[in-house]
Every structure is written in structure tokens, then in C-alpha cells.
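Me: I am new to this structure. Please walk me through a few of its helices.

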Amino acid sequence: MPLASSELILNEDQSIYHLHLKPENLADVVITVGDPDRVAEVSRHFEHIEFSTQKREFKTETGTFKGKRISVISTGIGTDNIDIVLNELDALVNIDFETREIKEQKKSLQLIRLGTSGAIQSDIPVDSILLSKRALGFDSLLHFYQSASVRDHAFEEAFSAHLQLNPEKSTPYCVEADSALLNHFKNPNYFEGTTVTNVGFYGPQGRTLRLQTEDVALNDKLQSFRLQSEKITNLEMETSGIYGLSKLLAHRALSVNAILANRTTGKFSKNPSEIVERMITEALERIAEL
């Protein structure tokens with residue numbers, strides 16, 4: 001049955017509503033970044049850029065790096081934007097825009113987030129790179145989907161029991177990275193760990209300016225959580241949504257994090273652009289080998 005115009009929304013030029021992309025504009029390998037300005041920081045390494053567009057915070061450039069066709073797209077901040085980006089990326093490859101019907105033969109994208117993050121453990125220094133083995137979402141995004149099959153319920157239960165969150169807050173959900181991508185990106189100089197995706201930058205991450213947080217011990221509880229050898233390593237704002245929706249839609253996803261801050265030691269990178277550039281160049285080399 002064709003999807004209604006209110007559900008699959010296309011622009012006059014038949015591009016997908018928010019991203020303003022047509023299926024032919026998108027590569028099978030997609031790098032996501034938060035900041036629209038970071039798209040150019042990635043694409044300047046391309047040998048050729050074949051397509052570029054921007055609408056609101058969603059900027060996309062598609063080109064080639066060492067013969068590999070890659071799209072890089074900015075998502076903006078937060079999992080609410082990830083809901084838009086992931087659903088529209090999937091629509092571009094798995095829905096026929098002419099018939100408005102879901103394709104029988106599905107395509108799986110490879111999605112690599114290149115983002116910035118703050119460490120929560122004192123032994124993870126600023127200016128390091130961390131791969132997210134799994135993500136714990138404090139947002140409620142995945143609870144709006146039939147998501148039980150992709151979640152690590154045992155990890156969720158242990159984490160929730162340790163945190164004793166106010167019941168007015170969303171129950172955290174846990175989703176793992178794509179194991180093949182994680183293994184492909186492994187590097188002896190990288191950290192690996194469990195990433196918490198927060199719903200904000202200030203209070204939800206335990207920062208206080210003029211407003212006091214509801215749970216002043218939240219970051220201490222995050223830092224002290226252990227499940228066997230696993231612990232919370234870092235905080236950011238998109239990974240859980242990327243992992244959750246990617247699993248549900250049968251795409252492969254990995255989050256690569258440049259550690260700019262350490263919330264335990266109170267340190268911040270003196271040259272954040274340098275570690276971000278290192279993350280980008282090293283990730284592109286790995287992507288070229290996919």
C-alpha cells in the first residue's frame with residue numbers, strides 16, 4: 001500500500017522533506033557529524049565532491065575518498081534530530097519515491113558518527129579517541145518504537161538499579177554498536193566503552209550555571225557504575241538514537257568520539273580542532289578500507 005503524503009513527505013523536486021536529498025545523492029557509507037561546519041572539515045579530504053546541499057542544520061556533501069563514495073551529513077544536536085535523519089536516510093534507500101511503497105529488497109547503510117564527547121572516567125584523557133561499544137539513552141526516542149528486540153535489557157536493568165533515577169525521568173535504554181564496524185575501527189591507541197547519550201548539555205550532563213540539578217550526584221553515580229568489567233566512559237547527545245534506529249532499520253552504525261573534556265578531572269582540550277582533525281583523517285582511512 002502506498003504511503004500517505006502526510007507520512008512520506010517529499011518536496012516539489014521529489015527530495016526527502018528535511019534533508020532535501022534524492023536517492024541518487026546518497027552514498028552507501030554515511031558519516032554523520034553534529035555541526036554543519038564540520039561537514040566541510042570532512043569533505044575537504046575528498047578527491048571529488050559530486051553533490052552538496054543544505055536545509056536548516058542538515059548539510060550534506062557526497063564525494064569520494066580514495067575511490068570510496070561517501071556522504072557526510074550534519075545532524076545538529078540531539079536524538080530528536082537523529083529521529084529525522086535516520087528515518088529519512090532509510091527512506092532514501094528503502095522506499096520507492098515514485099510508487100511510495102516500501103521496497104522488497106532492502107539496503108543496509110554503514111553509518112559512522114564522528115562526534116565530540118566528554119569523558120566521565122579520570123583515566124580517559126582529553127585529546128583521545130573513544131569507540132562506543134554500546135550506548136545508554138537517557139532520551140525517550142526508542143520508547144516510541146517497538147524496540148525490545150534490539151535492546152540489552154540486562155544492562156538496562158543493572159544501570160537503572162544503580163542510578164535510582166527519579167521516576168519522572170525516562171527509563172534508559174541500551175543498544176550495542178555494530179560489531180563488524182567496531183572491530184574494523186579498533187585501534188590500540190583508542191579507548192572503547194559505554195557511552196551515555198544525554199538529553200541536554202547542561203543539567204542533563206550535571207553542569208550547573210544558575211540552575212541546580214534535580215540529582216546532584218548523577219555524574220558520580222555514572223562514574224561509579226560497574227557491570228562486571230564494563231563502566232560508563234563518556235557523555236554525548238546522539239549515539240543512542242543512531243544505534244537504536246540503525247538496529248531497528250537493519251543498518252550498521254558506529255560512534256567515534258573525540259574526547260574534548262574530562263568531567264571528573266575538570267580538564268578541557270587546549271586545541272580541540274587538532275584532535276577532531278585526527279579523528280576525521282584516521283576514520284576516513286578506515287572507511288576507505290570498508
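Reply: Buried means under 20% relative accessible area, exposed over 50%, partly exposed in between (1.4 Å probe, protein chains only). Helices (H or I, at least four residues) and strands (E, at least two) are DSSP runs, numbered from the N terminus. This is a predicted model: local features need pLDDT of at least 70, side-chain atom pairs count only at pLDDT 80 or more, and totals for chains, interfaces and linings use all residues. Residues are numbered from 1 along each chain as its sequence is written, and side-chain values use heavy atoms, without hydrogens and water.

Me: Which residues of helix 3 are buried?

Reply: Helix 3 spans residues 153–163. On its other side, Ala154 and Glu157 are exposed. The buried ones are Phe155, Glu156, Phe159 and Leu163.

Me: Within what arc do the buried residues of helix 3 fall?

Reply: Look down the axis of helix 3 and take the directions from that axis to the C-beta atoms. The buried residues line one face of the helix, because they fall within an arc of 100°.

Me: Which residue follows helix 3?

Reply: At the start of helix 3, a side-chain oxygen of Asp152 comes within 3.4 Å of the backbone nitrogen of Ala154. After the helix comes a residue with a positive phi, near 50°. That residue is Gln164.

Me: Are helix 1 and helix 7 parallel or oblique to each other?

Reply: Their axes, lines fitted to C-alpha atoms over the stretch in contact, come within 10 Å and cross at roughly 50°. Angles under 35 degrees count as roughly parallel, over 145 as roughly antiparallel, 65 to 115 as roughly perpendicular and the rest as oblique. Helix 1 and helix 7 are therefore oblique.

Key
Polar contact = N/O pair within 3.5 Å; in protein donor to acceptor, adjacent residues only side chain to side chain. Axes fitted to C-alpha atoms, helices over the stretch in contact; angles between N-to-C directions.
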